[in-house]
Amino acid sequence: MELDPDDVFRDEDEDPENDFFQEKEASKEFVVYLIDASPKMFSSTCPSEEEDKQESHFHIAVSCIAQSLKAHIINRSNDEIAICFFNTREKKNLQDLNGVYVFNVPERECIDRPTARLIKEFDLIEESFDKEIGSQTGIVSDSRENSLYSALWIAQALLRKGSSKTADKRMFLFTNEDDPFGNMRISVKEDMTRTTLQRAKDAQDLGISIELLPLSQPDKQFNINLFYKDLIGLNSDELTEFMPSVGQKLEDMKDQLKKRVLAKRIAKRITFMICDGLSIELNGYALLRPAIPGSITWLDSTTNLPVKVEKSYICTDTGAIMQDPIKRIQPYKNQNVMFTVEELSQVKRITTGHLRLLGFKPLSCLKDYYNLKPSTFLYPSDKEVIGSTRAFIALHRSMLQLQRFAVAFYGGTTPPRLVALVAQDEIESDGGQVEPPGMNMIYLPYANDIRDVEELHSKPGVAAPRPSDDQLKKASALMRRLELKDFSVCQFANPALQRHYAILQAIALDENELRETRDETLPDEEGMNRPAVVKAIEQFKQSIYGDDADEESDSGAKDKSRKRKAGNADDGKYDYIELAKTGKLKDLTVVELKTYLTANNLPVSGKKEVLINRILTHIG
């Protein structure tokens, strides 16, 4: 069976006529939070993180959204959100429908980027909700008003803003009512169920995804089969894993990590020349980028609006503003040779910037330490060269089957390099795609880029010490005990960056206390104290330091002048040599012992007995 090459390297959500070929990838999100405000949301409670306390389902929904709004400003500052309550006493919406209240603040559209004022007022919504908005019983019998239908309609109207081709549109629905039409007559129930499901289907046909966040009661599990299974479009295979995934999603919303989410964009466009007369087009992406604080934005001191910076060149002779493009000069034989910016760019360009295939090698020839700088992920594109994807797939499959990587020459405005193209197969899990299919372009080092470790850590003319086989064995055993399973760079957050974001949040929201940031880079004390790890550490220390592992031996003879200096190395308060002879070092405090060690450039770690032994060894 012949596979469609366009489908192999395209995500399921991409439009084949627009998104993939025109590269209009979704770089923005429009989100509407739908919160059930019926009395049942206030009466149902769950255990909170604090002992002997209960929190209502309404409080859980509000706290999740509040944390999500705070993270939105840093994670995806261009996203736009709206907050909508349904089953309310008061109404506030453009359609003037009963039972639906769109929460907002002045000087802000119904769906817009989150602001500090919106977050501050939403944090206090529980205190003023009953007075200003109010709650009413959901859909009651003999009533033709369908607040859930109205909420979906209003949310769909809010999400008309923007194009579904360039933005993701989502609804988050919080409720603890698994059968909203359960108390109605059969005929009315069937009619309302049909119209509500059709409204949800209409929204999904417009590219709007509906995500349900059900809140179960302690004594009763939320039964998604009664109604919401059909509303969000779950099949039988997805039902078993839906409820566990919802619990994790709620926890993620409450404890969202503050980090900037960068939109997917093409870092470079490359022409890959396979041979004379055959070339394909590739797009280069940076899959991993360093997390750094956002750039500084200059604001006007009066209006507090961003300031637009403009730069002009002024002639030093006449004072007039230069209108013509700036030129550069280079003195040559008593003359000034002028260059335009374009000409200088052409002079600096060594090659055409194309990627030229040189050959193939086994993957065993590619060493880990060749990867000295971040690689570039390559993905085919048919925008300029039709058929690039088909040729790329054929090359990609062959490299995977034969366990080969391609060696190519790449040059542009930067110095030319030899690169290794390593094919990467697609990896999927239950949560979706883990690794995309494509190629990683690894920049191979020059010979001068690689230095022997012994070169860096040994003195000239002195042979570097070599570990014994037993020391290597013990070190390997220790590393295996301390190795992290399924390690990923995403497991650890930058504590300095998290504190930076916490300070920004406190300033913007006028908070008196900083949110506590957990330093995940600190050693795992509980893990380090496991018996197997402690045993491996002790065996390693034994192999290095011998029987007296707590003491560090000083290599080389200690001359008499150093001993004399040692006796008076502190502030003159104690004669350490005399104290050592009389056995009175134990009468000194740890601070006084460390004073001597610091003055003689000795380690200051360890217990008091270790410090005393170290001083006695140094004095001799």
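**Notes on the salt bridges**

1. Starting with Lys40: this residue is partly exposed, at a relative accessible area of 25%. Bear in mind that we're looking at a predicted model.

2. Lys40 has a partner in Glu177, and their side chains form a salt bridge with an N to O distance of 3.4 Å. The two come from distant parts of the chain, 137 residues apart: Lys40 sits in helix H3 (residues 39–43), while Glu177 is in the loop between strand S6 (168–175) and helix H8 (186–205). Glu177 is also partly exposed, with 24% relative accessible area.

3. Next, have a look at Arg170 and Glu211, a salt bridge whose closest N and O atoms are 2.9 Å apart. Arg170 belongs to strand S6 and Glu211 to strand S7 (residues 208–214), so this pair ties together parts 41 residues apart in sequence. Arg170 is partly exposed at 23% relative accessible area. Glu211 comes out at 17% relative accessibility, and it counts as buried because the cut-off is under 20%.

4. There's a local one as well: Lys474 and Asp470 meet through their side chains in a salt bridge, 2.8 Å from N to O. Both are in helix H14 (residues 469–482), and because they are four residues apart, about one helical turn separates them. Asp470 is partly exposed, its relative accessible area being 37%.

5. For the overall tally, the model has 15 salt bridges. The pairs picked out above are among them, including Glu177 with Lys40.

Definitions and conventions: Residues numbered from 1 in each chain as written. Predicted model: local features only at pLDDT ≥ 70, side-chain atom pairs only at ≥ 80, totals over all residues. Heavy atoms only, no water. Salt bridge = Lys/Arg side-chain N within 4 Å of Asp/Glu carboxyl O. Buried < 20%, exposed > 50% of the residue type's maximum accessible area, 1.4 Å probe, protein only.
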